[in-house]
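I opened the model to go through it one item at a time. These are my notes, in the order of looking things up.

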Amino acid sequence: MASASTSHPYKLTSREVYWRDHYIWLKQSGYVLKPRFNPDWVPSWAGKDINPNDCEDSKPLGVCWAAAAECKRTKKYVTLKRINIQKSPDEVRILGMISNEPLKSQPESHTVPILAVLCPPNDKNTRILVMPLLRRFNDPPFETMGEALHFIDNFLTGLDFMHRNNIAHGSICTFNLMMDATDMYPDGFSATWHGMKKDWSGPVHNKYTRTEKPPKYYLIDFSRSTHFTQGNTHLECISVPDTTVPELLQFPYKYLIDPFAVDVYCAGNMLRQYFLDGFPSPMTHEGAGYHGFDFLRPLLSDMIQVDPRKRPKMPEVVFRFKEIEKGLDRSFLRERCRKVVNHPCEEESKLDALRYHLHKMAYGVRGLSPIPSDNT
């Protein structure tokens, strides 16, 4: 009889085989992957009148280098990230440094914490990082202006913290920003598809809003990061996801590249596109921006100046942002965070509008601050 992993259209993909082959070792190490990766996997829908698409174990991994697993000790789900230390020699070292004291306990740190580092047997070039199970920073969507500003504050503070410790991130983009929303989802959510309940009985919804249970936002993916221990902090070459960085558009470069100035540009450009002007390509799926964030344009415009030497350093960026935030009225911070709509299907539903107004009244009655971080 053919094995379950090869006898049906929902079989493991080639990029998932690694996790199947390491299932037993990971279990012995204290981490249990989803049933799909068990070498003896039998699909949960086999022999039943069930649509495979309604079953968690029919879903392939989104990326080949990360998989969810349950920690046997804590009974909590974590994310396992596979790293080739030859291709990314500094990632484990940098994350290890930030995940240990004296940096670990610093409130300004917004670097994804590393819970453990695993060394697969007979593979000296691979490490597996154990990290908390996180959600994308914008899922669910921001409800109020104050919630969005709380995210921006966390992001800028976290990048400033890295720069102050001589670490350039090198891969600033929306896909590398996550949040720990554990308190928003006390009953959890599927580690495979975050839009589903843990038992896959239906879609999951956050029980609490960001205002009620503020999440903590994290920077992830340090595969292109650089830690400068001393001396010169410039590089001869650099590659980043944002293809519009002015100093990287011409080769050979006119001068050595300052990766910290590149981070500032990428951060400013990402925030400008996400909250103000929208992304140039609809393929990004990040939308056309939001209403009401033009008060950030002067700061973001300075961050994306063509001449990298004229861009503000991150300490100045954080200071200016906090000064802007101080000048905003509480009623404005409580206002709806509204996306720019380019298609009728993106219009806010009446139910969402009603939910927002009920929340707004409740926040006032309960005395919750419009900036979520002030409610912790």
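Which residues does Ser-99 touch, not counting residues up to four places away in sequence? I found Lys-104, Val-112, Pro-113 and Ile-114 for Ser-99, where a contact means heavy atoms within 4.5 Å.

Before going further I noted the ground rules. This is a predicted model, in which local features need pLDDT of at least 70 and side-chain atom pairs count only at pLDDT 80 or more, while totals for chains, interfaces and linings use all residues. Residues are numbered from 1 along each chain as its sequence is written, and side-chain values use heavy atoms, with hydrogens and water left out.

**Entry: Ser-99.** I placed Ser-99 in the loop between helix H3 (91–98) and strand E4 (116–118). Helices (H or I, at least four residues) and strands (E, at least two) are DSSP runs, numbered from the N terminus. I read a relative accessible area of 12% for Ser-99, so this residue is buried. My cut-offs are under 20% relative accessible area for buried, over 50% for exposed, and partly exposed in between, with a 1.4 Å probe and protein chains only. I also found the side chain of Ser-99 reaching the backbone oxygen of Leu-95 at 2.9 Å.

**Entry: cis peptide bonds.** In the loop between H3 and E4 I also located Pro-102. The peptide bond from Glu-101 to Pro-102 is cis, with omega near 10 degrees. I noted another cis bond between Asp-139 and Pro-140, with omega about 5 degrees. Pro-140 sits in the loop between strand E6 (135–136) and helix H4 (145–164).

**Entry: positive phi.** I looked up Lys-75 and read a phi near 65 degrees, a positive value in a residue other than glycine. Lys-75 belongs to the loop between strand E2 (66–71) and strand E3 (77–84). Its relative accessible area is 56%, so I logged Lys-75 as exposed. Asn-166 is not a glycine either, and its phi is positive at about 65 degrees. I found Asn-166 in the loop between H4 and strand E7 (167–168).

**Entry: Lys-313.** I traced Lys-313 to the loop between helix H6 (297–303) and helix H7 (314–326). Lys-313 counts as exposed because its relative accessibility is 55%. I took the separation of the C-alpha atoms of Lys-313 and Ala-116 as 33 Å; these residues are 197 residues apart along the chain.

**Entry: whole chain.** I counted 9 helices and 10 strands in the chain. The radius of gyration is 22 Å, close to the 21 Å from the globule rule for 376 residues, so the chain is as compact as a globular protein of that length. The radius is taken over C-alpha atoms, and the rule is 2.2 Å times the number of residues to the power 0.38. The C-alpha trace spans about 65 × 55 × 40 Å along its principal axes. Of the 376 residues, 49% are buried. I looked at contacts between residues at least 6 apart in sequence, and 68% of them join residues at least 24 apart.

Key: A polar contact is a pair of N or O atoms within 3.5 Å; within protein, one must be able to donate a hydrogen and the other to accept it, and residues adjacent in sequence count only if both atoms are side-chain atoms.
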